[in-house]
Structure formats: C-alpha cells, structure tokens
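Here is a briefing on one protein model. Please look over the sequence and the structure before reading on.

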Amino acid sequence: MLSLTDMRGTNPTVSELRATLPRGGTDIDSVIPTVQPIVEAVKKDGVAAAQEYGQRFDGVVPESIRVPREVITDAVNSLDATVREALEHAIERVRRVHAAIKPSDNVISVTEGGVVTEKFIPVGRVGLYVPGGQAVYPSSVIMNVVPAQEAGVGSLVVASPPQKEYGGWPHPTILAACGLLGVDEVWSVGGAQAIALMAYGDEQADDPLVPVDMVTGPGNIFVTAAKRLCRSVVGIDAEAGPTEIAIIADSTADPVHVAYDLISQAEHDPMAASVLITDSAPFAQQVDEEVEKRYSITRNTDRVAQALQGKQSGIILVDDIPAAIRVADAYAPEHLEIQTHNAREDAAQIRNAGAIFVGPFSPVPLGDYAAGSNHVLPTSGSARYSSGLSTHTFVKSVHVIEYDEAALKGTADTIVALSNAEQLPAHGEAVRARFEDLTAGNK
C-alpha cells in the first residue's frame, strides 16, 4: 500500500536526500490572491467583513463574534464526564511540563560595576486559533492556552469557526476546554478572516475587539496564508503544513504497532505524511501488509487511504540505523518515533525533529494528548531550524544593561576604537563626552 524507496547501497548527499524523500507540502503562494482580499477587507471593515466571509464559508453568522460567557459555562456543564476528566488530566500534565520549562532571567556580571541582565517579558496579548473542519480539537486549545498562561501572558483570546449545528458558536467541546482553562474571551470566527480580525481587531464595533500582539495555532492553507500576510503586524508561531510522522524502526519493532502509528497520523488529513525508515526489507513488508489489513477498519478510512497512498507517504529502505538517522535528519519530521533495539541511544543522535518519541510505548498519540509535551510542532522540514510551541514562544528576551562610571570608563577605549573603525565616530564621542570636554579645541 505504501510506496517503497530503496536507498540501500547509496550514499546520497543532503540535497539529494531532500529531493528524494517523500514530501507533499503546500503551496501557500497559490492561495495568497484568494486570501489577501479577505485580510484587506477585515482590516478595513472589521467585524462586518469577518461575518460576511463567515456566512460565505461557514454558512452561518453568529449573534455576536464574542461568545457569551453563559454559552461557555453551559458547554462546561454539559460536557461528558469522561471527556471532562480526560481534558483535566491532559491540562494538568501539559501545565506541569510548561511551567517547568519557562525561561528565567539571567544576570551576568561582565565586569566590576557592569551588569547585563537577560530579562524574559511575556507578550502582552495573544490570539490563539483553534481549527474546526474535519475534526474537533479541544487538545489544541490546551496546547496553545497552557504555555501562554504559564509564560505569564496577561490577555488571551481564542478564535474558532462558528458551527451551524451549534447555533453559530464554536463546537461545544472547544468552548468547554476554554472554560476549564479559565479563558472567557472566545471569538466565533474561523479561517483567514479570524487571523485578520485578531491581527487588526475592531475597536469601533459595538462590542470592541482589541487586536493582539501575536497569533498562534494550526490551521488549513488559508489560515496559514493569512498568518503570512499578517506577520508584519503581529508575531506568529509558524506557517504550519499538514501533519507528519516518521518512524525509524528495525526488525525488533512490532509491525502492528508501527502500522497503527502510521495510520493514526494519516487520519488527520488526506495530505498527512506517514513515513517508515527501516533497515529491514522483511519488516518493511510486514508493516505494509499490516497497514493494508488494518487501515480500513478505522473511522476515517477514505482520508487515511488518500494520505497513505499520497506522494508524501512511503517506506524508505536503508543499509543500517546510522543511515536511517541521516535520512531522518534530512527529512526533519514533525513527529519522529524511534523503535529500535537501542532506541534511547539512537534518539540521542537525532538533530532535526519537532518531537522525538522513544521506544515502543511512546507513540505519537501520547504527545498529541497527554504526555505533557506540546503537539503544535514545526512541519515541512522546518524542524531543522525551529521549535514547537512552548512557554518560550510567548516571552520576549530583553537585555537590560547597567554600567557604572568606572565600568564604562574601563571599556571606553574599546568602544572608541571600534566606532572609528566603522566610521561612526559619534558613537565613540558619546562615550568620551562623559569623561572629556569635547569642545572643538580639544578634539
């Protein structure tokens, strides 16, 4: 069922690997002409434009963009007890991890009387996008809101598409997750118009909507294009593409486990990527047979089949596990599972992955929901240079410099020499003026 690429006996360069490995990708530029008028209209007309596009794309206009608090409260009260317990369990674990990794200020004494402090300041106001569409994502509420809260962000708004079957409000499970997290500002707006409305706000509306400083959260290609168009106005986390899983496995792995892990990510989207990298041809055949046997019994069969048979998915045969690691680093997957005899040691060799799942009992769905890690991760190879969402996303690093007179005087000659070398002498004069009389006669 999965296409096979046999790389045994070869020693490809990084460029050759990037050109050869399965990769679907999305052409964001192709939808910019469609999305740009939406962003411009919302920038100009705010809520009115957002609701007009909501009617066109979602088939419904909510009573208000801002979801009333009582609607959020009702969603919490109506939540299935088992789902509520699961959400609370996930929230607790994600909060525990993200509270622990919040960066702390660093005070560096550079010289006697000269101190540089690296200070971490939370972003003031953040817009968190939670998609609708083919699935319901309360887990994405958790993954966006918790690190923002733990970073100390003072003002949060969650935006999620209106649902016709729920009276024009976002899905009640989304609202319930917001309620459990203490988020009381939720906007019923989706797609590109949601990103633009968060970026520009509408402070002239009857119920003023304050713009945000940063937008995070996954979405479809139109949402991603809107984030690109708005990134000169607000910060963004990333331009997310379809989800990806790569699995490095040898003959000691369980082919049934690996097959289910590949299927699990394929059910997200027809463009989702599922890739197995292995040094065992018999194991590759076993996994392919198990995928063929089992994918049709899952709920989202058609979607899974499209994803697994797409050009973005497949099996890569390599000579050995070191070669598999080189392939994985070139691919730089969003999710990387290591199911090998020496999984921990092999995982330590990986440089490029959004998140690494080590051993047979650390499947990607664990990270999707309840490991405590974040599931908003870099895609499309961007794990080579970027990180997943965390408390680090929501803070700014600011250097605070404080030197006394003696400390500045001790480095004045360095500053003057470098400013003269750069032909910017006024920089040096700004320092010398504190210690010398720079009248014309003294220059």
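**Salt bridges**

Glu436 is partly exposed, with a relative accessible area of 40%. Here buried means under 20% relative accessible area, exposed over 50%, and partly exposed in between (1.4 Å probe, protein chains only). This is a predicted model: local features need pLDDT of at least 70, side-chain atom pairs count only at pLDDT 80 or more, and totals for chains, interfaces and linings use all residues. Residues are numbered from 1 along each chain as its sequence is written, and side-chain values use heavy atoms, with hydrogens and water left out.

- Glu436 meets Arg432 in a salt bridge, at 3.1 Å from N to O. The term requires a side-chain nitrogen of Lys or Arg within 4 Å of a carboxyl oxygen of Asp or Glu.
- Arg432 is also partly exposed, at 23% relative accessible area.
- Side chains of opposite charge can pair when their charged atoms come close.
- The count by this rule is 18 salt bridges.
- Arg294 pairs with Glu290, and their closest N and O atoms are 2.7 Å apart.
- Both Arg294 and Glu290 belong to helix 11 (residues 281-294), where they sit 4 residues apart, about one turn of the helix. Helices (H or I, at least four residues) and strands (E, at least two) are DSSP runs, numbered from the N terminus.
- Glu290 is buried, with a relative accessible area of 13%.
- Asp45 forms a salt bridge with Lys44, with 3.4 Å between the closest N and O atoms.
- Lys44 is exposed at 68% relative accessible area, whereas Asp45 is partly exposed at 39%.
- A network of salt bridges links Asp29, Arg228, Arg231 and Glu239.

- Strand 4 runs parallel to strand 5 (residues 155-160), joined by 5 bridges. Two strands pair if DSSP finds at least two bridges between them.
- In strand 5, Ala159 stands opposite Tyr129.
- Strand 7 (residues 214-216) also pairs with strand 4 in the parallel sense, over 3 bridges.
- Met214 of strand 7 is the bridge partner of Val126.

**Annotated binding site**

- An unreviewed UniProt entry carries the annotation "binding site" for Tyr129, Gln193 and Asn220. They span 92 residues in sequence, yet no two of their C-alpha atoms are more than 12.5 Å apart, so they gather at one spot. UniProt positions follow the numbering used here, feature names are shortened, and annotations may be inferred rather than shown by experiment.
- Gln193 lies in helix 8 (residues 191-200). This residue is buried, at 2% relative accessible area.
- Contacts of Gln193 include Ile38, Tyr53 and Phe57, not counting residues up to four places away in sequence. Contact means heavy atoms within 4.5 Å.
- The Gln193 side chain reaches the backbone oxygen of Gly190 at 3.0 Å.
- Asn220 sits in the loop between strand 7 and helix 9 (221-230). Asn220 is partly exposed, with a relative accessible area of 44%.
- The side chain of Asn220 reaches the backbone nitrogen of Phe222 at 3.0 Å.

**Domains**

- The domain assignment gives domain 1 (3-26 + 241-372), domain 2 (28-240) and domain 3 (404-442). These bounds come from an automatic or database domain assignment.
- The centres of domain 1 and domain 3, taken over C-alpha atoms, are 59 Å apart.

Definitions and conventions
A polar contact is a pair of N or O atoms within 3.5 Å; within protein, one must be able to donate a hydrogen and the other to accept it, and residues adjacent in sequence count only if both atoms are side-chain atoms.
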